[in-house]
Amino acid sequence: MCKKVWLSSPHMGGAEQSFIKEAFETNWVAPLGPNVNGFESDIQEYLQDDNKYVATLISGTAALHLGLKLLGVTQGDEVLCQSMTFAASANPITYLGASPIFIDSERRTWNICAEQLEIAIKDRLAKGKKPKAIVTVHLYGMPYEIDEVHKIARQYGIPILEDSAEALGSSYKGFKCGTFGDMSILSFNGNKIITTSGGGALIAPSKELKDKAVFLATQAKDNEPHYQHSEIGFNYRMSNIVAGIGRGQMQVLDAHVNNRRNNYTFYKQHLSEFSEIKFLEEPVGSFSNRWLTCIETSSFDLREKIRLALADNNIESRPLWKPMHSQPVFKNAIAYVNGVSDALFERGLCLPSGSNLEQDDLDRVVSIIKKVLK
Ligand SMILES: *Cc1c(COP(=O)(O)O)cnc(C)c1O
(Lines give C-alpha, C1' and ligand atoms only; values in the text may rest on other atoms or scores of the structure.)
Protein backbone atom coordinates (compact mmCIF):
# COMPACT_ATOMS: atom_id res chain seq x y z
CA MET A 1 0.00 0.00 0.00
CA CYS A 2 1.33 3.45 -0.83
CA LYS A 3 1.92 6.13 1.78
CA LYS A 4 -1.14 7.44 3.66
CA VAL A 5 -2.06 11.03 2.84
CA TRP A 6 -4.09 12.75 5.54
CA LEU A 7 -6.65 15.51 5.18
CA SER A 8 -4.88 17.71 7.76
CA SER A 9 -2.35 16.36 10.21
CA PRO A 10 -0.28 17.95 13.01
CA HIS A 11 2.89 19.72 11.83
CA MET A 12 5.41 20.58 14.51
CA GLY A 13 7.84 23.43 13.97
CA GLY A 14 10.71 22.27 16.16
CA ALA A 15 10.71 24.71 19.08
CA GLU A 16 7.75 23.08 20.86
CA GLN A 17 9.88 20.61 22.82
CA SER A 18 12.21 23.28 24.18
CA PHE A 19 9.25 25.13 25.72
CA ILE A 20 8.05 21.86 27.27
CA LYS A 21 11.54 21.00 28.46
CA GLU A 22 11.77 24.37 30.20
CA ALA A 23 8.43 23.69 31.90
CA PHE A 24 9.75 20.33 33.19
CA GLU A 25 13.05 21.79 34.34
CA THR A 26 11.35 24.52 36.35
CA ASN A 27 8.57 22.15 37.52
CA TRP A 28 5.97 24.43 35.92
CA VAL A 29 4.07 21.26 34.96
CA ALA A 30 1.01 22.65 36.67
CA PRO A 31 -0.77 24.91 37.14
CA LEU A 32 -0.76 27.70 34.54
CA GLY A 33 2.70 29.28 34.44
CA PRO A 34 4.96 31.11 31.98
CA ASN A 35 4.02 29.16 28.83
CA VAL A 36 0.33 30.01 29.33
CA ASN A 37 1.14 33.70 29.72
CA GLY A 38 3.61 33.54 26.84
CA PHE A 39 1.19 31.75 24.50
CA GLU A 40 -1.56 34.24 25.33
CA SER A 41 0.64 37.23 24.62
CA ASP A 42 1.95 35.60 21.40
CA ILE A 43 -1.65 35.24 20.18
CA GLN A 44 -2.58 38.73 21.34
CA GLU A 45 0.38 40.18 19.43
CA TYR A 46 -0.43 38.15 16.33
CA LEU A 47 -4.00 39.44 16.26
CA GLN A 48 -2.68 43.04 16.14
CA ASP A 49 -5.54 44.46 18.17
CA ASP A 50 -4.64 46.15 21.46
CA ASN A 51 -8.22 45.91 22.66
CA LYS A 52 -8.37 42.10 22.70
CA TYR A 53 -7.51 39.84 25.62
CA VAL A 54 -6.82 36.13 25.15
CA ALA A 55 -7.62 33.32 27.60
CA THR A 56 -6.26 29.90 26.55
CA LEU A 57 -8.53 26.96 27.38
CA ILE A 58 -8.68 23.19 26.94
CA SER A 59 -10.61 23.38 23.65
CA GLY A 60 -12.40 25.59 21.18
CA THR A 61 -15.63 24.00 22.36
CA ALA A 62 -14.93 25.13 25.95
CA ALA A 63 -14.22 28.63 24.59
CA LEU A 64 -17.58 28.66 22.77
CA HIS A 65 -19.31 27.52 25.97
CA LEU A 66 -17.74 30.30 28.09
CA GLY A 67 -18.19 32.85 25.31
CA LEU A 68 -21.93 32.20 25.14
CA LYS A 69 -22.16 32.30 28.93
CA LEU A 70 -20.37 35.65 29.08
CA LEU A 71 -22.74 37.02 26.43
CA GLY A 72 -25.53 36.21 28.86
CA VAL A 73 -27.02 33.16 27.15
CA THR A 74 -29.07 31.13 29.58
CA GLN A 75 -31.88 28.57 29.96
CA GLY A 76 -34.69 29.08 27.45
CA ASP A 77 -32.85 31.55 25.21
CA GLU A 78 -32.66 31.31 21.43
CA VAL A 79 -29.27 31.60 19.73
CA LEU A 80 -28.89 32.02 15.96
CA CYS A 81 -26.11 29.85 14.53
CA GLN A 82 -24.57 29.28 11.10
CA SER A 83 -25.97 25.94 9.96
CA MET A 84 -23.07 24.85 7.80
CA THR A 85 -20.36 24.21 10.37
CA PHE A 86 -18.88 21.61 12.69
CA ALA A 87 -21.24 20.53 15.48
CA ALA A 88 -19.00 22.17 18.10
CA SER A 89 -20.27 25.60 16.99
CA ALA A 90 -23.80 24.63 18.04
CA ASN A 91 -23.45 22.08 20.87
CA PRO A 92 -22.48 24.60 23.60
CA ILE A 93 -25.77 26.47 22.98
CA THR A 94 -27.53 23.38 24.30
CA TYR A 95 -25.10 23.01 27.27
CA LEU A 96 -26.63 26.27 28.56
CA GLY A 97 -30.21 25.07 28.10
CA ALA A 98 -30.72 27.40 25.14
CA SER A 99 -31.97 26.45 21.67
CA PRO A 100 -29.99 26.84 18.45
CA ILE A 101 -31.79 28.30 15.45
CA PHE A 102 -29.94 27.55 12.25
CA ILE A 103 -29.24 29.99 9.42
CA ASP A 104 -28.24 28.86 5.94
CA SER A 105 -25.24 30.02 3.89
CA GLU A 106 -24.65 32.29 0.90
CA ARG A 107 -22.71 31.14 -2.17
CA ARG A 108 -19.81 33.61 -2.11
CA THR A 109 -18.06 32.39 1.06
CA TRP A 110 -20.28 29.42 2.04
CA ASN A 111 -20.88 31.13 5.40
CA ILE A 112 -23.91 32.60 7.18
CA CYS A 113 -26.22 34.44 4.76
CA ALA A 114 -26.99 38.02 5.86
CA GLU A 115 -30.38 37.95 4.11
CA GLN A 116 -31.48 34.72 5.82
CA LEU A 117 -30.16 36.12 9.10
CA GLU A 118 -32.37 39.20 8.84
CA ILE A 119 -35.40 37.11 7.84
CA ALA A 120 -34.80 34.94 10.91
CA ILE A 121 -34.37 37.87 13.30
CA LYS A 122 -37.55 39.56 12.07
CA ASP A 123 -39.47 36.31 12.37
CA ARG A 124 -38.20 35.59 15.90
CA LEU A 125 -39.07 39.15 16.96
CA ALA A 126 -42.55 38.78 15.45
CA LYS A 127 -42.95 35.60 17.50
CA GLY A 128 -42.09 37.59 20.61
CA LYS A 129 -38.57 36.39 21.27
CA LYS A 130 -35.35 38.33 20.66
CA PRO A 131 -32.36 36.05 19.89
CA LYS A 132 -29.68 36.36 22.57
CA ALA A 133 -26.62 35.93 20.32
CA ILE A 134 -25.42 34.98 16.84
CA VAL A 135 -22.72 32.34 16.24
CA THR A 136 -20.85 33.09 13.00
CA VAL A 137 -18.14 30.90 11.45
CA HIS A 138 -15.25 31.44 9.00
CA LEU A 139 -15.62 28.01 7.40
CA TYR A 140 -12.44 26.39 6.07
CA GLY A 141 -10.65 29.66 6.88
CA MET A 142 -12.70 31.83 4.51
CA PRO A 143 -13.94 35.00 6.25
CA TYR A 144 -17.72 35.36 6.21
CA GLU A 145 -19.34 38.54 4.86
CA ILE A 146 -18.46 40.45 8.00
CA ASP A 147 -19.69 43.93 6.99
CA GLU A 148 -23.11 42.69 5.91
CA VAL A 149 -23.63 40.31 8.84
CA HIS A 150 -22.41 42.68 11.55
CA LYS A 151 -24.50 45.53 10.17
CA ILE A 152 -27.64 43.47 10.76
CA ALA A 153 -26.46 42.31 14.19
CA ARG A 154 -25.84 45.95 15.20
CA GLN A 155 -29.15 47.11 13.78
CA TYR A 156 -31.04 44.65 15.99
CA GLY A 157 -28.65 44.90 18.95
CA ILE A 158 -27.64 41.21 19.04
CA PRO A 159 -24.04 40.30 20.02
CA ILE A 160 -21.86 38.05 17.84
CA LEU A 161 -19.80 35.08 18.96
CA GLU A 162 -17.21 34.68 16.19
CA ASP A 163 -16.14 31.05 15.72
CA SER A 164 -12.67 31.49 14.25
CA ALA A 165 -11.61 27.90 15.00
CA GLU A 166 -10.62 27.32 11.38
CA ALA A 167 -9.44 30.82 10.55
CA LEU A 168 -6.36 31.72 12.61
CA GLY A 169 -4.17 33.55 10.07
CA SER A 170 -7.08 34.72 7.90
CA SER A 171 -8.05 38.37 7.65
CA TYR A 172 -10.78 40.66 6.34
CA LYS A 173 -10.03 44.15 5.06
CA GLY A 174 -6.68 44.02 6.84
CA PHE A 175 -7.98 42.89 10.23
CA LYS A 176 -7.33 39.41 11.62
CA CYS A 177 -10.12 36.90 12.02
CA GLY A 178 -10.67 36.37 15.72
CA THR A 179 -10.99 40.12 16.38
CA PHE A 180 -14.44 40.78 14.92
CA GLY A 181 -16.86 39.27 17.44
CA ASP A 182 -18.19 40.65 20.72
CA MET A 183 -16.50 37.41 21.79
CA SER A 184 -14.34 35.26 19.53
CA ILE A 185 -12.79 31.80 19.76
CA LEU A 186 -9.87 29.84 18.32
CA SER A 187 -9.14 26.10 18.28
CA PHE A 188 -5.81 24.29 18.48
CA ASN A 189 -7.27 20.83 17.91
CA GLY A 190 -5.09 18.28 16.10
CA ASN A 191 -6.43 19.03 12.62
CA LYS A 192 -6.29 22.85 12.81
CA ILE A 193 -3.71 25.18 11.23
CA ILE A 194 -1.67 25.08 14.43
CA THR A 195 -2.23 22.54 17.17
CA THR A 196 -1.37 22.10 20.83
CA SER A 197 -2.60 18.47 20.59
CA GLY A 198 -5.88 19.88 21.87
CA GLY A 199 -6.79 23.35 23.05
CA GLY A 200 -8.58 26.59 22.34
CA ALA A 201 -8.81 30.24 23.24
CA LEU A 202 -11.46 32.79 24.07
CA ILE A 203 -10.80 36.31 22.81
CA ALA A 204 -12.52 38.95 24.92
CA PRO A 205 -12.93 42.72 24.35
CA SER A 206 -11.74 43.75 27.85
CA LYS A 207 -9.37 42.69 30.61
CA GLU A 208 -12.40 42.32 32.93
CA LEU A 209 -14.11 39.83 30.62
CA LYS A 210 -10.92 37.84 30.14
CA ASP A 211 -10.46 37.70 33.92
CA LYS A 212 -14.07 36.58 34.30
CA ALA A 213 -13.48 33.82 31.72
CA VAL A 214 -10.36 32.65 33.56
CA PHE A 215 -12.28 32.73 36.87
CA LEU A 216 -15.07 30.55 35.43
CA ALA A 217 -12.50 28.27 33.74
CA THR A 218 -10.72 27.58 37.06
CA GLN A 219 -13.71 26.41 39.13
CA ALA A 220 -15.04 29.88 40.03
CA LYS A 221 -13.12 30.14 43.30
CA ASP A 222 -13.94 33.23 45.37
CA ASN A 223 -11.04 35.23 46.76
CA GLU A 224 -10.92 33.50 50.17
CA PRO A 225 -8.27 31.36 51.93
CA HIS A 226 -10.72 28.42 51.97
CA TYR A 227 -12.54 27.09 48.92
CA GLN A 228 -15.63 29.20 48.52
CA HIS A 229 -17.89 29.42 45.50
CA SER A 230 -20.67 31.83 44.65
CA GLU A 231 -21.06 30.63 41.06
CA ILE A 232 -20.89 27.36 39.13
CA GLY A 233 -17.42 26.97 37.64
CA PHE A 234 -15.69 24.84 35.04
CA ASN A 235 -12.32 23.12 34.72
CA TYR A 236 -11.40 24.55 31.32
CA ARG A 237 -7.97 26.21 31.67
CA MET A 238 -5.07 25.22 29.40
CA SER A 239 -2.08 23.61 31.11
CA ASN A 240 1.44 25.02 31.03
CA ILE A 241 2.72 21.93 29.14
CA VAL A 242 0.12 22.23 26.40
CA ALA A 243 0.73 25.98 26.11
CA GLY A 244 4.42 25.20 25.48
CA ILE A 245 3.42 23.39 22.28
CA GLY A 246 1.38 26.46 21.35
CA ARG A 247 4.34 28.81 21.77
CA GLY A 248 6.40 26.70 19.39
CA GLN A 249 3.52 26.54 16.91
CA MET A 250 3.08 30.32 16.87
CA GLN A 251 6.59 30.59 15.41
CA VAL A 252 5.49 28.64 12.31
CA LEU A 253 1.89 29.84 11.94
CA ASP A 254 2.58 32.14 8.98
CA ALA A 255 4.65 29.43 7.27
CA HIS A 256 1.69 27.06 7.70
CA VAL A 257 -0.65 29.63 6.16
CA ASN A 258 1.73 29.96 3.24
CA ASN A 259 1.94 26.20 2.68
CA ARG A 260 -1.82 25.77 2.83
CA ARG A 261 -2.37 28.64 0.40
CA ASN A 262 0.14 27.00 -1.93
CA ASN A 263 -1.83 23.73 -1.75
CA TYR A 264 -4.91 25.64 -2.92
CA THR A 265 -3.00 27.32 -5.75
CA PHE A 266 -1.57 23.99 -6.90
CA TYR A 267 -4.94 22.21 -6.93
CA LYS A 268 -6.56 25.11 -8.73
CA GLN A 269 -3.81 25.31 -11.34
CA HIS A 270 -4.12 21.64 -12.19
CA LEU A 271 -7.85 21.07 -11.88
CA SER A 272 -9.61 24.25 -12.97
CA GLU A 273 -9.52 23.16 -16.64
CA PHE A 274 -12.37 20.79 -15.71
CA SER A 275 -15.78 22.46 -15.77
CA GLU A 276 -17.09 19.82 -13.33
CA ILE A 277 -14.95 21.25 -10.53
CA LYS A 278 -15.29 24.67 -8.90
CA PHE A 279 -13.09 26.33 -6.32
CA LEU A 280 -14.05 28.84 -3.64
CA GLU A 281 -12.55 32.23 -4.61
CA GLU A 282 -11.42 34.91 -2.17
CA PRO A 283 -13.73 37.95 -2.37
CA VAL A 284 -11.91 41.31 -2.69
CA GLY A 285 -10.63 42.30 0.75
CA SER A 286 -10.60 38.75 2.15
CA PHE A 287 -7.50 36.73 2.89
CA SER A 288 -8.10 33.05 3.68
CA ASN A 289 -5.59 30.84 5.48
CA ARG A 290 -6.95 28.10 3.14
CA TRP A 291 -7.11 25.74 6.11
CA LEU A 292 -8.74 23.20 3.82
CA THR A 293 -8.95 23.36 0.04
CA CYS A 294 -12.48 22.39 -0.93
CA ILE A 295 -13.99 21.70 -4.33
CA GLU A 296 -17.57 21.79 -5.42
CA THR A 297 -18.23 19.09 -8.02
CA SER A 298 -21.11 18.96 -10.51
CA SER A 299 -22.93 16.03 -8.87
CA PHE A 300 -23.11 13.76 -5.84
CA ASP A 301 -22.06 10.80 -8.00
CA LEU A 302 -18.92 12.53 -9.25
CA ARG A 303 -18.03 13.67 -5.73
CA GLU A 304 -18.32 10.09 -4.51
CA LYS A 305 -16.29 8.74 -7.43
CA ILE A 306 -13.47 11.12 -6.60
CA ARG A 307 -13.66 10.43 -2.86
CA LEU A 308 -13.63 6.66 -3.33
CA ALA A 309 -10.82 6.75 -5.93
CA LEU A 310 -8.71 8.74 -3.44
CA ALA A 311 -9.59 6.32 -0.62
CA ASP A 312 -8.54 3.38 -2.82
CA ASN A 313 -5.14 5.02 -3.01
CA ASN A 314 -4.86 5.56 0.74
CA ILE A 315 -5.70 9.27 0.48
CA GLU A 316 -8.10 10.82 2.95
CA SER A 317 -10.69 13.31 1.70
CA ARG A 318 -14.05 14.24 3.22
CA PRO A 319 -17.42 15.64 2.18
CA LEU A 320 -18.05 19.23 3.30
CA TRP A 321 -19.66 19.79 6.72
CA LYS A 322 -23.17 18.38 6.87
CA PRO A 323 -25.39 21.34 7.83
CA MET A 324 -26.70 21.31 11.40
CA HIS A 325 -30.33 21.66 10.26
CA SER A 326 -29.94 18.25 8.52
CA GLN A 327 -28.30 16.51 11.49
CA PRO A 328 -30.40 13.87 13.29
CA VAL A 329 -29.53 15.38 16.68
CA PHE A 330 -30.99 18.77 15.65
CA LYS A 331 -34.03 17.46 13.76
CA ASN A 332 -36.39 19.45 15.98
CA ALA A 333 -34.47 22.72 15.78
CA ILE A 334 -35.91 25.69 13.90
CA ALA A 335 -33.99 26.60 10.73
CA TYR A 336 -34.07 29.30 8.06
CA VAL A 337 -32.83 27.62 4.88
CA ASN A 338 -32.31 28.49 1.23
CA GLY A 339 -30.83 25.26 -0.17
CA VAL A 340 -27.22 26.49 -0.39
CA SER A 341 -25.63 24.42 2.37
CA ASP A 342 -27.54 21.24 1.47
CA ALA A 343 -26.28 21.53 -2.13
CA LEU A 344 -22.71 22.15 -0.97
CA PHE A 345 -22.88 19.13 1.33
CA GLU A 346 -24.16 16.95 -1.48
CA ARG A 347 -21.47 17.87 -4.01
CA GLY A 348 -18.52 19.28 -2.07
CA LEU A 349 -15.26 17.62 -1.06
CA CYS A 350 -12.33 18.67 1.16
CA LEU A 351 -8.97 17.69 -0.34
CA PRO A 352 -5.79 16.85 1.59
CA SER A 353 -4.56 20.25 2.79
CA GLY A 354 -1.90 19.81 5.48
CA SER A 355 0.97 22.27 5.71
CA ASN A 356 3.27 19.21 5.76
CA LEU A 357 2.13 17.68 2.45
CA GLU A 358 4.92 16.88 0.04
CA GLN A 359 4.90 17.67 -3.67
CA ASP A 360 4.61 13.94 -4.29
CA ASP A 361 1.40 13.78 -2.24
CA LEU A 362 -0.14 16.70 -4.10
CA ASP A 363 0.85 15.19 -7.47
CA ARG A 364 -0.79 11.90 -6.52
CA VAL A 365 -4.05 13.59 -5.49
CA VAL A 366 -4.23 15.58 -8.72
CA SER A 367 -3.43 12.66 -10.99
CA ILE A 368 -6.09 10.46 -9.37
CA ILE A 369 -8.74 13.16 -9.71
CA LYS A 370 -7.75 13.76 -13.34
CA LYS A 371 -8.11 10.05 -14.06
CA VAL A 372 -11.67 10.10 -12.67
CA LEU A 373 -12.58 13.14 -14.77
CA LYS A 374 -11.13 11.91 -18.07
C1 LIG B 1 -12.62 22.52 15.45
C2 LIG B 1 -13.79 23.40 15.51
C3 LIG B 1 -14.40 23.73 16.73
C4 LIG B 1 -14.06 23.06 18.02
O5 LIG B 1 -12.79 23.23 18.47
P6 LIG B 1 -12.19 22.11 19.47
O7 LIG B 1 -10.89 22.74 19.88
O8 LIG B 1 -11.99 20.86 18.66
O9 LIG B 1 -13.11 21.93 20.60
C10 LIG B 1 -15.45 24.63 16.72
N11 LIG B 1 -15.90 25.17 15.58
C12 LIG B 1 -15.35 24.87 14.39
C13 LIG B 1 -15.90 25.52 13.17
C14 LIG B 1 -14.31 23.95 14.30
O15 LIG B 1 -13.81 23.62 13.12
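The largest nonpolar core of this predicted model holds 35 residues, and those with the most contacts inside it are I43, Y140, L168, F188, L253 and L320. A nonpolar core here is a set of buried Ala, Val, Leu, Ile, Met, Phe, Trp, Tyr and Cys residues joined through side-chain atoms within 4.5 Å. Buried means under 20% relative accessible area, exposed over 50%, and partly exposed in between, with a 1.4 Å probe and protein chains only. At least two residues of this core come from each of α2 (34–47), β9 (200–204), α8 (240–250), α9 (253–271) and α11 (340–347). Of these, α2 gives the most, with 5 residues. Helices (H or I, at least four residues) and strands (E, at least two) are DSSP runs, numbered from the N terminus.

Residues are numbered from 1 along each chain as its sequence is written, and side-chain values use heavy atoms, with hydrogens and water left out. As the model is predicted, local features need pLDDT of at least 70 and side-chain atom pairs count only at pLDDT 80 or more, while totals for chains, interfaces and linings use all residues.

L320 touches M84, W110, Y140, C294, L344, F345, G348, L349 and C350, leaving out residues up to four places away in sequence. Contact means heavy atoms within 4.5 Å.

On a 1 Å grid over the protein atoms alone, a cavity is a set of points where a 1.4 Å probe fits but cannot get out, and a pocket is an open set with protein on both sides within 12 Å along at least five of seven lines; lining residues have an atom within 4 Å of a point. Grid points are joined across faces, edges and corners, and a volume is the space filled by probe spheres set on the points. In the classes below, Ala, Val, Leu, Ile, Met, Phe, Trp, Tyr, Cys and Pro count as nonpolar, Asp, Glu, Lys and Arg as charged, and the others, Gly among them, as polar.

| Space | Volume | Lining by class |
|---|---|---|
| Largest pocket | About 270 Å³ | 8 nonpolar, 10 polar, 3 charged residues |
| Largest cavity | About 60 Å³ | 7 nonpolar, 2 polar, 1 charged residues |
| Second largest cavity | About 30 Å³ | 3 nonpolar, 6 polar, 2 charged residues |

The largest pocket has 21 lining residues, of which T61, F86, A88, S187 and K192 lie nearest its centre. Two or more lining residues come from α3 (60–70) and from β8 (183–187), and α3 gives the largest share, 3 residues.

The count is 2 cavities of 30 Å³ or more. W110, Y140, M142, Y264, L280, S288, R290, L292, T293 and C294 line the largest cavity. Among the residues lining the second largest cavity are S9, P10, H11, K192, H256, R260 and S355.

The structure holds 0 disulfides, a disulfide being a pair of cysteine sulfur atoms within 2.5 Å. C177 is too far from other cysteines for a bond, because its sulfur is 16 Å from the closest cysteine sulfur, in C294. C350 is in no disulfide either, with the sulfur of C294 the nearest at 3.8 Å. C177 is buried at a relative accessible area of 1%, and C350 is buried at 3%.

T94 lies in helix α4 (residues 91–95) and is partly exposed, with a relative accessible area of 37%. T94 touches P100 and F330, not counting residues up to four places away in sequence.
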